Amino acid sequence: MNEILIKQWLAHFRKRGVSGALIDVYSEYIRALVGNSVPVIFEFEHLSRLIGIDQTRFRAMVNSTPSFYRTFHIKKRSGGLRKIDSPFPSLLICQDWIYKNILLNIPVHSCVHGYVPGRSIFTNATPHLKSRCILKMDIKNFFPSIKIDWVANFFNQLGYADNVSFYLASLCCKNGSLVQGASTSPYLTNILLRGLDHRLSNLAQSYNMKYTRYADDLTFSGEYIPHAVIGIVDSIISDVGLRVNADKTRLQIARNQKIVTGLSVAGESIGVPRSFKRDLKKELYFIQKYGYQSHLSKKKIRKPFYIDSLIGKVNFWLQAEPADPYAIKALSMLHEIQKGNAI
C-alpha cells in the first residue's frame with residue numbers, strides 16, 4: 001500500500017512536468033512520511049486544503065493561535081480553580097484533523113491509559129488490584145510544561161519539513177506550550193513522554209512494581225515500595241524537564257483505602273470508593289424520603305441537569321460493579337423520575 005501511494009505521488013509530479021532532480025527530492029520526503037504512516041504535507045496551502053479551512057482564516061490561526069481560544073475556569077475536586085482554554089470551532093477542526101490523521105498513527109507506551117482508544121481509568125487501575133503498597137505521584141503544571149519546541153521537533157522527526165512542523169505545532173499550542181482544552185494535547189503528551197514512561201516502567205520492574213500513567217497521574221504498586229523510590233522518580237521526571245507536585249505524592253500501605261484514578265483497588269475486583277457510595281446513597285435516601293421536588297427545594301438545588309448527574313454517578317458505579325443490586329434499583333428509580341419530569 002505504501003509503495004502504491006508513493007508511485008501515485010511520483011506519477012502526479014511527472015504529469016505536471018516536475019524535473020527529475022526535484023522529483024528525487026520529493027520522493028525522499030514522501031517515503032519518510034509514508035513510512036511513518038502519516039499524511040504527506042508539502043506546504044501551507046496544501047495543509048489548509050487537506051484540513052478544509054480557508055487560507056486566510058488558516059493563516060490567522062497559525063500566526064495568532066491565542067486569539068482562537070475562549071478561557072474559563074472550573075472547580076477542582078481538591079479545591080481551587082482549573083483553567084480551561086476552549087478552542088474556537090475552526091481551530092478545533094484543525095486539531096481534530098491532526099489528532100485523527102497524524103497522532104493516532106503513532107504508538108504510545110503500553111503503561112499509558114489516559115486518552116488512548118480502548119483504554120480507560122479502569123484499565124489504568126486494574127494492574128494495581130490487591131497490591132499491598134501503592135505510590136501515587138503527580139506531574140505539576142502538566143500541559144503548560146510541554147513546550148512548543150518539543151511538539152515541533154516531534155513533527156520534524158516524523159519527516160515533516162521545518163515550516164510544516166511549525167504550522168502543525170502552532171495549531172496544537174498556545175503561548176508556546178500545550179494547553180488544557182486542545183483536543184491534541186492529551187495524546188501529544190502520551191507520545192512526547194514515551195521516553196519518560198519507558199524509564200519509569202523499567203524502574204518499576206527493577207523494584208518488582210507495576211507502573212501506569214493516566215495523563216499527569218503516575219501510579220506504582222507492589223508488595224513493598226521503598227521510600228527512596230519517590231526521590232528516584234522525582235529525579236527521572238526532573239531529568240526530562242518536568243516537575244513533581246510534591247503536595248500530591250501519596251504512599252499508601254497495607255489496609256489503607258487504595259484509590260487509583262477514582263476507583264478502589266483494595267478488593268478482589270475494581271470497585272467505587274466507599275465515600276462515593278456513602279455520599280450518593282445519602283442523596284438518594286432523601287429523594288426517596290421527601291420526593292424529588294421536595295428534595296430540590298429543601299437543599300436549594302438549582303442545577304438544571306441534577307437528575308442527569310445522579311444517573312451518571314449510578315452508571316459509573318454500575319460500570320465498576322455491574323451486579324450491585326442497590327445501584328441497579330437506584331438507576332431504575334432515577335429513570336422513572338427523569339421520565340416524570342420530562343412530561
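Reader: What is the volume of the second largest pocket in this structure?

Author: Rolling a probe the size of a water molecule over the atoms shows where empty space is left. In this predicted model, the second largest pocket has a volume of about 210 Å³.

Reader: Which elements supply the lining of the second largest pocket, and which classes of residue does that lining have?

Author: At least two lining residues come from each of α12 (274-290), α13 (292-299) and α14 (306-320), with α14 giving the largest share, three residues. Among the residues that line this pocket are Glu283, Phe286, His295 and Tyr306, and by class the lining has three nonpolar, two polar and four charged residues.

Reader: How much space lies in the largest pocket, and which residues are closest to its centre?

Author: The largest pocket holds about 1800 Å³ of space, and of the 47 residues that line it, Arg82, Asp138, Asp216, Asp217 and Lys248 are the closest to its centre. Strand β2 (81-87) is one of the elements that each supply at least two lining residues, and β2 gives the most, with four. The lining of the largest pocket has 20 nonpolar, 12 polar and 15 charged residues.

Reader: Is His113 buried or exposed, and where is His113 found?

Author: Buried means under 20% relative accessible area, so His113, with a relative accessible area of 8%, is buried. His113 is found in the loop between α5 (89-101) and α6 (121-125), where its side chain makes a polar contact with the side chain of Thr123 (2.8 Å). Leaving aside its neighbours within four places in sequence, His113 is also in contact with residues including Arg119, Asn124 and Tyr214.

Terms used:
Residues are numbered from 1 along each chain as its sequence is written. This is a predicted model: local features need pLDDT of at least 70, side-chain atom pairs count only at pLDDT 80 or more; totals for chains, interfaces and linings use all residues. Side-chain values use heavy atoms; hydrogens and water are left out. Buried means under 20% relative accessible area, exposed over 50%, partly exposed in between (1.4 Å probe, protein chains only). A polar contact is a pair of N or O atoms within 3.5 Å; within protein, one must be able to donate a hydrogen and the other to accept it, and residues adjacent in sequence count only if both atoms are side-chain atoms. Contact means heavy atoms within 4.5 Å. On a 1 Å grid over the protein atoms alone, a cavity is a set of points where a 1.4 Å probe fits but cannot get out, and a pocket is an open set with protein on both sides within 12 Å along at least five of seven lines; lining residues have an atom within 4 Å of a point. Grid points are joined across faces, edges and corners, and a volume is the space filled by probe spheres set on the points. Ala, Val, Leu, Ile, Met, Phe, Trp, Tyr, Cys and Pro count as nonpolar, Asp, Glu, Lys and Arg as charged, and the others, Gly among them, as polar.
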